[in-house]
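Consider the model shown below.

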Amino acid sequence: MTLAPYAARQETSRGRHVAEPSSGNRTEYQRDRDRIIHCAAFRRLEYKTQVFVNHEGDLFRTRLTHSVEVAQIARTIARSLALNEDLVEAISLAHDLGHTAFGHAGQDALNECMKPFGGFEHNIQSLRVVDVLENKYAAFDGLNLTFETREGILKHCTKAKARHLGDVGQRFLDDSHPGLEAQLANLSDEIAYNNHDVDDGLRAGLLSLDQLAQVPLFARFYDEVITLYGQDLSAKQIRHEVIRRMINYLVVDVIETSQAALSSLQPASVDAVRGAGHALIAFSPEARRLNVELKRFLYKNLYSHHQVYRITSKARRVIKALFDAFLADPKLLPPKFSERVPPTGDDADRKIRARLIADYIAGMTDRYALDEYDRLFDPRRLR
Ligand code: MG
């Protein structure tokens, strides 16, 4: 497969923090992907909530299946645009490594706890996982990934935070854009979660087909499916036939819109892409509008649904209780964390202590967090 001139290439990569000899049989981005798949944080994604808490049912998306869906969508688009499929796969599989248990509720709760200590942000945490926390290699901390994969993992960042992040933070300071593979993984994330959340919401009975038939993007393909097959299909078949068309519509739209933008600008390299002044991987205005309407619908009707709210409110309390207990008494942390807590108490030490606690909590899966909560607070639990 020939790469487009604006695709990422290992020959022009900005490289790894610690230089390594090249692998005989894999590209540098394949190697990044493989390191991600083999890390513990990746395996934890299986037991972390996307929207529905892990024990609510076996068929709902988890962070792991979500990440696999993102990679599938991103690879399809990458191949059509002659972008680097290995890189886009690595970014997609790594993009949620820093997420806490219990989906956004967990992230918001931990961020609230960490406010006095510099906050908590899952994007930055994903980068921290691959740069620092995965520490099983002899020659370096973290996974020593290429700049391009790390650049893709850091989707958003404030300028204040970017100043502390070195090379990957730079683009937030000078308002430039990341490479196309990073832009693509970002958009594929959105396509994946909007569609699978509709699927999971319907499956859970929190959303109805009648309700969704009022949402323009869903309605367009719902009408098409009913016209084609009549009313004989089961609700499950309708759900699937509509959602596969929505995904396809958005994927084709991104391919056509981005191809047109690339053909008109003709960037000669990744650096030309970074300095283009606007994102080149994008939805058409029509698809963007439809997508935003779907997103709004999901916020109002799924993410804020009474049943989801009751569970996430409980999840927030679990995270806060864990954080407060560890902060008050760091000796409660497992030794590998408590040993690193600085003994004295100036501001800098307190920040280090809080960050260690955040790292520990952010690494927890849903069930580990619930279990740890019981271990700490249930007087009858011995260990
Ligand atoms: Mg995601």
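Helices α13 and α15 cross in a left-handed sense; a crossing is left-handed if the near helix is turned anticlockwise from the far one by less than a right angle, and right-handed if clockwise. The model is predicted, so local features need pLDDT of at least 70 and side-chain atom pairs count only at pLDDT 80 or more, while totals for chains, interfaces and linings use all residues. Residues are numbered from 1 along each chain as its sequence is written, and side-chain values use heavy atoms, with hydrogens and water left out. Helices (H or I, at least four residues) and strands (E, at least two) are DSSP runs, numbered from the N terminus.

The angle between α13 and α15 is about 145 degrees, and their axes lie 10 Å apart. Axes here are lines fitted to C-alpha atoms, for helices over the stretch in contact, and angles run from 0 to 180 degrees between N-to-C directions. On the α13 side the contact is made by Y249, L250 and D253, and on the α15 side by E286, A287, L290 and N291; contact means heavy atoms within 4.5 Å. By class, these residues divide into 4 nonpolar, 1 polar and 2 charged. In this division Ala, Val, Leu, Ile, Met, Phe, Trp, Tyr, Cys and Pro count as nonpolar, Asp, Glu, Lys and Arg as charged, and the others, Gly among them, as polar.

Helix α13 also packs against α3. The axes of α3 and α13 come within 10 Å and cross at roughly 35 degrees, and this crossing is right-handed. I73, T76, I77 and S80 of α3 meet I247, V251, V254, I255 and Q259 of α13. The contact of α3 with α13 has 6 nonpolar, 3 polar and no charged residues.

The crossing of α16 and α18 is right-handed. I319, L322, F323, F326 and L327 in α16 meet R353, A354, I357, Y360 and I361 in α18. These contact residues comprise 9 nonpolar, no polar and 1 charged.

Which residues touch the most other members of the largest nonpolar core? They are L83 and F218, in a core of 62 residues. A nonpolar core is a set of buried Ala, Val, Leu, Ile, Met, Phe, Trp, Tyr and Cys residues joined through side-chain atoms within 4.5 Å. At least two residues of this core come from each of α3 (63–80), α4 (85–94), α10, α11 (209–212), α12 (216–229), α13 (235–265) and α15 (285–303). The largest share, 10 residues, is supplied by α13. Leaving aside residues up to four places away in sequence, L83 touches L3, Y6, A7, A78, L180, E181, L184 and I281. Apart from this core lies another, of 26 residues, among them A109, F117, A315 and A362. In soluble globular proteins, nonpolar side chains tend to be buried together.

V198 sits in helix α10 (residues 180–203). V198 is buried, with a relative accessible area of 0%; buried means under 20% relative accessible area, exposed over 50%, and partly exposed in between (1.4 Å probe, protein chains only). Not counting residues up to four places away in sequence, V198 touches L207, L212, F218, I243, L294 and L298. The C-alpha atoms of V198 and L212 are separated by 8.6 Å, with the two residues 14 residues apart along the chain.

The remaining residues lie in loops. N144, between α6 (122–133) and α7 (147–153), has a positive phi near 50 degrees without being a glycine. Q266, in the loop between α13 and α14 (270–274), is likewise not a glycine and has a positive phi of about 50 degrees. N144 is buried, with a relative accessible area of 6%, whereas Q266 is exposed, at 59%. Q231, in the loop between α12 and α13, is exposed, with a relative accessible area of 61%.
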